[in-house]
Structure formats: C-alpha cells, structure tokens
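Visitor: Could you take me through one of the pockets in this protein, slowly and in plain words? I'd like a close look at just that part.

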Amino acid sequence: MQLDHSFTVAAAPDDAWKLFLDLGRVAPCMPGAVLDTLDGDAFTGRVKVKVGAVQMSYRGEGTVTRDEAARSMHLGLSGSETRGSGTVSATVTATLATDPAGTRVRVRTDLDITGRPAQFGRGIMTEVGDRIVQQFATRLEELLRDTGRGAPSPAPTGVGTPGAFPAEPEAVDLGAAALPVLLRKAAAPAAAVLVAVVVIRALRRRSR
C-alpha cells in the first residue's frame, strides 16, 4: 500500500533539515511512538495504537539514510505486535523543499501491514495517516520554535543507554481518526436504504 502525505512548517529549509538530521529529537514528535535506542543510523522503538477499546503495541527497528544535496531522508522500518501476530514493514521517504510558507515536507510511505489494522482500506489508512502527519507537523513546528528561542531539547530518556527504556508511549487513537471516514463510507449505503424504504412505502400506499 502506497501512501502520500505532505505538510508545511514555518521554518527555513536549512533549519528544518538540521532538525531532521537529529532523529533523537524528531522521533518524539511522532504520535504514539517512542525511540528506545539510537546507534548511528540504526534505531529501535515502540509504537502503541488503539482502535476503540482495543490497544495494539508494536516493537520494531529501523535504519535511516540521508541525501544531503536533495534534503531527502529514507527510513526502512519493520516491527511486530508484542501481544499478537500482526506485523508491519514500511519504507518511508521524506523530502524537504522550499515553500513560500517555509518548508514543504513530502512523505511517501510503502506500507505492508497484517493483523487487525489491515481491515482498513487504503482510503481510511490515507486519512488516518493525514491526521497523524498533521499532529507530527504541529509538534515539529513547536520544536523548531523552541530551538529558535534557544530552549534546550534533550534526547529522549533511554536513547543510547542499554536497558534504560522510556515510559510507555501514549496510544494514538486510530479509531477516532478513522471514524469520520467510516461514517462517510456508510452514508451512501444508508441513503440508498432510506430511499428504498421510502419508495416501498409509497408503492404500498398506491396499491391500497
């Protein structure tokens, strides 16, 4: 499944790219995720999501490569449910470009997922991704503003320290993000059923 997203941050491309180079500072901006270890271009982490009352936790690893000239970052990710048989793998490419509002970030994700989240189709996954990316963009902008004011931004607790893991991530609610899409998908069939009921009732009245 290929997903495309984009967002804009109010920062110069050079400043945004410098921040993107520091994975330890950028990773905490991603909703539902924590970074456990970071060793050069390799890292491990955890993600927690929920759909309604059901929570799913994933533990995984990844690598990052960067193209300084193109201001492009490529991530290879893989993980599995800690209590389940679901798996996820993805390749993510983020490219930064100059924009009148600051920096435009385009993100392309090639996603392969099994287990319960796989029940969502591409449309729902795209919308869910949009919402998560926008939350990420908001946090990233806050971090850029803090950096511009000289506020300290320490690395997440546990990163680079064997056996010292950060607190459990706060689950990102995929159900809440997907609900508007599910309602829109249900609207057309519901309208068709309503029309059918009205027509049947009208025919019955005429037959009397």
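Predicted model: local features only at pLDDT ≥ 70, side-chain atom pairs only at ≥ 80, totals over all residues.

Guide: A quick word on terms: on a 1 Å grid over the protein atoms alone, a pocket is an open set of points where a 1.4 Å probe fits, with protein on both sides within 12 Å along at least five of seven lines, and lining residues have an atom within 4 Å of a point. Numbering runs from 1 along each chain as its sequence is written, and side-chain values use heavy atoms, with hydrogens and water left out.

The lining has 16 residues, and Pro31, Gly32, Arg139, Glu170 and Val172 sit nearest the centre. β2 (33-39), α3 (122-148) and β8 (172-173) each bring at least two residues to this lining, with α3 giving the largest share, four residues. Here helices are DSSP runs of H or I with at least four residues and strands are runs of E with at least two, numbered from the N terminus. By class, the lining splits into ten nonpolar, two polar and four charged residues. Nonpolar covers Ala, Val, Leu, Ile, Met, Phe, Trp, Tyr, Cys and Pro, charged covers Asp, Glu, Lys and Arg, and the others, Gly among them, count as polar.
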